[in-house]
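Reader: Please take one part of this model and look at it closely. I would like a connected account of how the part sits among its surroundings.

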Amino acid sequence: YEGLGNAVLEALIHNCHVLSYDIPGPSYILKYGEYGKLFKVNDYKSIYNELTENKNFYFETKNFSEDKVYKLKKHLEQFKPLSFSSAFVGIINGIK
């Protein structure tokens with residue numbers, strides 16, 4: 001499992017409909033299901049049903065309210081390399 005969820009971040013940036021296991025990294029990135037569909041680990045039946053019932057694997061941000069688009073962009077800001085590394089440096093400095 002990918003704990004950080006780089007594939008999830010890339011999919012969101014490209015307006016893909018994200019399906020992921022409900023594990024800490026991807027779950028947090030998807031705001032616990034607000035920006036994508038989460039499944040219990042190894043729940044293959046539910047994943048299969050989602051894939052066969054939902055043929056449109058892209059969502060249009062134009063269908064989101066302006067507020068939701070703004071919140072998604074703000075949420076994704078924390079995962080930019082500079083933001084992420086700055087937060088990490090802050091943690092390290094706090095340990096000293």
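Author: Start with Leu30. Beyond its neighbours within four places in sequence, Leu30 is in contact with Val8, Leu12, Val18, Ser20, Tyr35, Gly36 and Leu38. The model is a predicted one.

Next comes Ile29, which is found in helix α2. Ile29 counts as buried because its relative accessibility is 0%, and the cut-off for buried is under 20%. With neighbours within four places in sequence again left aside, Ile29 is in contact with Leu4, Gly5, Val8, Leu9, Leu12, Tyr35, His75 and Phe79. Ile29 and Leu72 lie 43 residues apart in sequence. In space, their C-alpha atoms are 9.8 Å apart.

Helix α1 covers residues 6-13, and its buried residues are Val8, Leu9, Ala11 and Leu12. Seen down the axis of α1, these buried residues fall within an arc of 165 degrees, so they line one face of the helix. An α-helix has 3.6 residues a turn, so residues three or four places apart point the same way. The buried residues of α1 pack against β1 (19-21), α2 (24-29) and α4 (66-77). After α1 comes Asn15, with a positive phi near 60 degrees.

Now the core. The largest nonpolar core has 13 residues, and Val8, Leu12, Val18, Ile29, Leu30 and Leu76 touch the most other members. Helix α1 gives the most, with four residues.

Key
Residues numbered from 1 in each chain as written. Predicted model: local features only at pLDDT ≥ 70, side-chain atom pairs only at ≥ 80, totals over all residues. Heavy atoms only, no water. Buried < 20%, exposed > 50% of the residue type's maximum accessible area, 1.4 Å probe, protein only. Helix = DSSP H or I, 4+ residues; strand = E, 2+ residues; numbered from the N terminus. Arc of directions from axis to C-beta. Contact = heavy atoms within 4.5 Å. Core = buried A, V, L, I, M, F, W, Y, C linked by side-chain atoms within 4.5 Å.
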